[in-house]
Each structure stands twice: as structure tokens, then as C-alpha cells.
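Please look over the model shown here before reading on.

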Amino acid sequence: MSKTPDSAVRTYIENHRAAFLDDLAEWLRIPSVSAQPDHAADVRRSADWIAAKLRETGFPTAEVWATPGAPAVFAEWPSEDPQAPTVLVYGHHDVQPATREEGWNTDPFEPVIRGNRLHARGAADDKGQVFFHTLGVRAHLAATGRTTPAVNLKMLIEGEEESGSPHFRALVESRQERLAADAVIVSDTGMWSEDTPTVCTGMRGLAECEIELYGPDQDIHSGAFGGAVPNPATAAARLVAALHDEHARVAIPGFYEDIVELTDHERELFAELPFDEERWLRTAKSSAVHGEAGHTTLERIWARPTAEVNGIGGGYQGPGSKTIIPSSAMVKLSFRLVAGQDPHLVEKAVRAWAAEQLPAGIRHEITFGAATRPCLTPLDHPALQSVVRAMGRAFEQEIRFTREGGSGPAADLQEVLAAPVLFLGISVPSDGWHAPNEKVELDLLLKGAETTAYLWGDLADNWRDAH
């Protein structure tokens, strides 16, 4: 099995560090805020910039793909090895809004290096983590003497992730043949901490709904009618109360069917992480932990499905009293889903449960939004092991495992392309994604580039061994 020389990779990265950071700073100066129509031209300019830079890096193909919203970028660099596997790298070039007035110490779109930190909107989320792939592939080639990567390397850089990826799945479906891959690398996640490098193995899915409850055709007098007709606000409260049992488990029949349970080994790996629950509580601005009995906090937020009440309302909300039975009420619910759960089956179960809970005389309507499927890569998957080995070489220590409690477009890639999703991120919690003074640790950014310089050869070797 061939092995990229570590010293050659590190020397290349150090020698090209300054030019790499200059280029990244140029990209970060483009305010590619997809959520704000005034920045539509900037998002397009960002796409054009990274496409040009990928061509300069060596990608023979780098295209800007239009969508009904913001543009994405696709790049492809075939390997000269006819047996090489194909790897697709995903990231995004759009960023969150940012202004000095929100608490930034400097202009959020004028990158500043202070010590070992680069501050700018997008430094960590996600331009920095996309861009380290350009340095990594060049180091890979320089250290091995290759003229093409050891894998057929593709990149898909989305332009609407910070706006909820409304057109992403349709884009992937329409370009499925061009995007076909044996594995997907997502560089839009992070690590546990600077001292504890980790690889994420999965993200939860998401289903959301709003339930509208209707009773009388108009608000009516509680003295004349109270106690004799059903109250939509009371029905909403009872519906919410019925959502969980006394052990904080979701009480919707069928909700837990087919879920992939944590193994004892996975629970042990979670327990090895240096988790400070009191500190976590302070971050959550909460005074107590709560959740499904029999599971730790990390298990609850990473690997267990949940149901949350995001909003509840109905009736008079103003000052003083207004003695009425309201004509309507509403509940907003969201469900985080784990591997094995199908959002469409969850929707069906929620609809049946709600209908069962509501009394006669209460009419209801349920509206579900777009759903996101969960994704999970088994710990023993060969491609995941390649990521772990490459990262271990770069960081020179044991790599541990996490999951993400949130949801993202990675599941669309996994489902449409029928390929395993691997997460390679070097950001740490203190980087302040979406917050004022977002930053990235420069040493970690370069470790990301070093990881990819080792990764492509490892993936190619192990693919050949397995096939």
C-alpha cells in the first residue's frame, strides 16, 4: 500500500501557507449572503471566484450551476488511474448576514488575523473548510509526484445552505449522473475541541409541522358557553401534554419503529469524550437536564429521536382578561429523526396520533414542511476508516467520534447518490458560527488540508484492496 510522505506534505503546506491565506482572504471579502436579495450579485461573484480558483488549482472542469435561487459550483478532476474510486466533496460558499452593529470588532467582510486566528464571516462556516481542499490536493500531488489525484475528485459547493437549501435536492437529482460518487466527504461540520480531534459519523433528520385547531366559528362568551362546547386552546394544551410519556419518550404510536439503536461500543465511545455537563448547561442557558430516560445527554442530542414543541398559541393574548372560548389555536412541532426513521412515515404517524387525540367538535389541519432524512455511516465502514487514519496522521493522536444533533443537506446526497457520507470538519465550537467575530484556528485549517493530502491515497488504496 502506498503512503504519502508526511514530511513532504507538511513542507508543501508550510511553504504555501501565506499564499493560501491571501487567497482565502480574497474570497472572504465577498459578502455572499444568500438570505438577503441585495447580495444576490455577491453570491454569484463568490461562485465565479471559487470556480476560477478551482481551475487555477488544477481542476480541468469547474462550472457554475444555476438554480432557481443562488448558484452552486461543480468541479471535477479525474484520476489517471482507471480503477480509482470517485469522491465528491460537499461544502457551501454562501454565508450568514453580518454587520458591525451586531457586535463585530472589525468589518465582518474584511478578514483580520489576530494571533493564530482568522476572523471573518465565513472563515469557518464554510469557506475556510471548503478552501482547505485546494491546498490539500496540491500537497497530495506534490508529495506523491502525481499529476492527477489518486481518486476521481469532484466538488459541489452549494450557494443556498444558509437559506435552508431550498433547491439543493432538486439540483442533486437533476445532476445525479455528473455527481455520481463512491463516497461523499462533507466539510461543513466541526470537531469536539482543539485538543480532542473527532470525526462526525451522522446527522439527525428533521420533520416539522403546524397543527391548526378550530372550534366555534368565532370567539364566544365563556360564561354562556364555557363547559358546554369544546375549547381549541384546551385541545392544544392536551395535545402537547400527550406528546411524551412519563419517561420523556415520544408517545406517538410507531414513532420508534425501525430506528437504529446505539450499540454498546458506540455508547462507550460517546462516554470517552470529555463532556462537562455543567458547562454545557450554561451554554444552553438552562438550569437542568431533561430527556428520554436511560440515555445520557450526548446520546439524547446526537442519537435519539425527539419531538419538540416550538410554539403554542390561541385565544386572547393582550393585557388583562377576555373571558372567551377562542375560535382557534395552534401548535408548532418539530421532530429530530435518527437512522432508520422515514420522515414520510413519521408524518403519517403524527397525523393519525393527532386525529386520535382531539375531541369531537374540534376540527384540525396539519401542514408539514420539507423534511430532511437522517444519515449515519457505520463505524466500521472502510471509507470512514480512511478518514480516521488520514486525520490521525495529520493530528498525530487518536481520533474520536461524535455525531451532529442538527440536520442538513448531507442526507440528500446520501439518498440520491446512494453513497456513504463521511464528515471531515476542523472547526471547533469557539469559532462562533453565525455569531459576531466568527473565526477559524489557522493551525486547524492547515490540519484539514494535511488530512485531505493523506486521504485521497488512503481511499484509493483501500478501494483497490476491497475490489
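## Basis of the values

The model is predicted, with local features requiring pLDDT of at least 70 and side-chain atom pairs counted only at pLDDT 80 or more, while totals for chains, interfaces and linings use all residues. Residues are numbered from 1 along each chain as its sequence is written, and side-chain values use heavy atoms, with hydrogens and water left out.

Helices (H or I, at least four residues) and strands (E, at least two) are DSSP runs, numbered from the N terminus. Two strands count as paired if DSSP finds at least two bridges between them.

## The four-stranded sheet

An open sheet is formed by four strands in the order β11-β13-β9-β14, with antiparallel pairing. Its edges are β11 (306-314) and β14 (363-368); each has a single partner strand, so one side of each is left without a neighbour in the sheet. From one strand to the next the twist averages 15°. Axes are lines fitted to C-alpha atoms, for helices over the stretch in contact, and angles run from 0 to 180 degrees between N-to-C directions.

Strand β13 (residues 328-337) is joined to β11 by eight bridges, the two running antiparallel. Bridge partners here include Gly311 with Lys332 of β13, and Ala307 with Phe335 of β13. Between β9 and β13, also antiparallel, there are 10 bridges; Ile211 has Val331 of β13 as its bridge partner. Seven of the 10 residues of β13 are buried, which leaves the strand mostly covered. Buried means under 20% relative accessible area, exposed over 50% and partly exposed in between (1.4 Å probe, protein chains only).

## Helices across this sheet

Helix α8 (residues 232-241) lies across β9 (205-214), β11 and β13, at about 15° to β13. Helix α12 (residues 343-357) lies across β9, β13 and β14, and runs at about 165° to β14. Contact means heavy atoms within 4.5 Å.

## Helix α12

The 15 residues of α12 should span 21 Å at 1.5 Å a residue, which agrees with the 21 Å between its end C-alpha atoms. The expected span is 1.5 Å times one less than the number of residues.

Pro343, Val346, Ala349, Val350, Trp353 and Ala354 are the buried residues of α12. Seen down the helix axis, the buried residues of α12 fall within an arc of 130°, so they line one face of the helix; the arc is that of the directions from the helix axis to the C-beta atoms. These buried residues pack against β9, α8, β13 and β14. His344, Leu345, Lys348, Ala352 and Glu356 are exposed on the other side of α12. At the start of α12, the backbone nitrogen of His344 has a side-chain oxygen of Asp342 within 2.8 Å.

## The three-stranded sheet

Three strands form a further open sheet in the order β4-β5-β18, again with antiparallel pairing. Strands β4 (112-114) and β18 (439-441) are at the edges, each pairing on one side only. Direction ignored, neighbouring strands of this sheet are turned by 25° against each other on average.

Three bridges connect β4 to the antiparallel strand β5 (residues 117-119), where Arg117 is the bridge partner of Arg114. Helix α15 (residues 442-466) lies across β4, β5 and β18, at about 65° to β18.

Conventions. Polar contact = N/O pair within 3.5 Å; in protein donor to acceptor, adjacent residues only side chain to side chain.
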